[in-house]
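This briefing covers the strands and helices of one model. The sequence and structure come first, followed by notes grouped by topic.

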Amino acid sequence: MDSPVFDLAFEPAYGQAVPVVSGVERITANNSGPFTFFGTNSYIVGSSSVAVIDPGPEDEAHFQALMAALAGRAVTHIFVSHTHRDHSPLAGRLQAATGAVTVAQGPHRPARPLRDGEINPFAESSDLSFVPDITLSDGETLSGDGWSLRAVLTPGHTANHAAFALEGRDILFSGDHVMAWSTSIVAPPDGSMADYMASLDRLMKRQDRLLLPGHGGPVTEPSSFLRALKAHRLKREQAVLARVRAGDTQIAEMVKVIYRDTDPKLHGAAALSVLAHIEDLLERGEIAADGPPSLAATYRLL
């Protein structure tokens, strides 16, 4: 498989707790968009005493749907895969209502420091106020009544991105790192393509039978899908190199060709993805830049 076959079939069932597998329910926030698909998935794990994964955006209807689904059950932990505003902001209200502790890899941070004059294009999408009560190390496990979740750190989409493995079930809550409906956005300085690819390799070594992502439906064949995702990213990398070889010196020129079949409204995000590939290629010595890498910099072969 050269490219992943994306699954766009999904019923969000807004406001409802949808059983996904035994002991796991999904509630989808009504915050659909080009980067969120039908909306953000919040997961409830357990039965009488539960954990919530990715409480979602600050949205009253979604909060009320979560509280209705949680009625009569103790909530002990609130896990956050990463600190974008479609995933973490509701953690504060949910914690206040339930007394649960919040859990994540850490607060928001960029994958690398901002360069002189650089502006983080995803700054407004970042939840800088969230600080977890419990900071998870890679492989650390937290358990509750009938469930145990292990941290699988997967930086790339953000520096603090984490997936959570449901122990004994071969199920991984993959956040925005791997989704069935689309590739993940990797946009510097928030994200890092080198980190993303390393995290993808890490998941490829696992034996998960099901991935439950932050948006859209499950990935039901993780092994083949992950291989296809990696092939897709490597193909994009080769496309960037091909444009540099063809004489394109700036990212805007490359985007017009590489993403010619993509909605122009998404070309801004596409340019950031190309920048992520370029930063990786520069680090590996494949190309050179006249000055620090940026959307406006000039690039050439070595």
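Helices (H or I, at least four residues) and strands (E, at least two) are DSSP runs, numbered from the N terminus. Two strands pair if DSSP finds at least two bridges between them. The model is predicted: local features need pLDDT of at least 70, side-chain atom pairs count only at pLDDT 80 or more, and totals for chains, interfaces and linings use all residues. Residues are numbered from 1 along each chain as its sequence is written, and side-chain values use heavy atoms, with hydrogens and water left out.

**Sheet**

- Seven strands form an open sheet in the order E1-E2-E3-E4-E5-E6-E7, and the pairing is mixed.
- Strand E1 (18-21) and strand E7 (134-135) are the edge strands, each pairing on one side only.

**Strand E4 and its partners**

- Strand E4 (residues 49-53) pairs with strand E5 (residues 74-79) in the parallel sense, over five bridges.
- E3 and E4 run antiparallel and are joined by four bridges; a hairpin of two residues links E3 to E4.
- Alanine 51 has histidine 77 in E5 as its bridge partner, and valine 45 stands opposite alanine 51 in E4.
- Five of the five residues of E4 are buried, so E4 is largely enclosed by the rest of the structure; buried means under 20% relative accessible area, exposed over 50% and partly exposed in between (1.4 Å probe, protein chains only).
- Ser49, Ala51 and Ile53 point one way from E4, while Val50 and Val52 point the other way.

**Helices on the sheet**

- Helix H1 (residues 60-70) lies across strand E2 (24-28), strand E3 (41-46), E4 and E5, and runs at about 160 degrees to E2.
- Axes are lines fitted to C-alpha atoms, for helices over the stretch in contact, and angles run from 0 to 180 degrees between N-to-C directions.
- Helix H2 (residues 91-98) packs on the sheet and touches E4, E5 and strand E6 (101-104), its direction making about 155 degrees with that of E5; contact means heavy atoms within 4.5 Å.

**Helix pair H4 and H6**

- Helix H4 (residues 222-245) packs against helix H6 (residues 267-283) at an angle of about 80 degrees, with the axes 10 Å apart.
- H4 is therefore roughly perpendicular to H6, a class that spans 65 to 115 degrees.
- H4 contributes Arg233, Arg236, Glu237, Val240 and Leu241 to the contact, and H6 contributes Ser273, Val274, His277, Ile278, Asp280 and Leu281.

Notes. Parallel < 35°, antiparallel > 145°, perpendicular 65-115°, else oblique.
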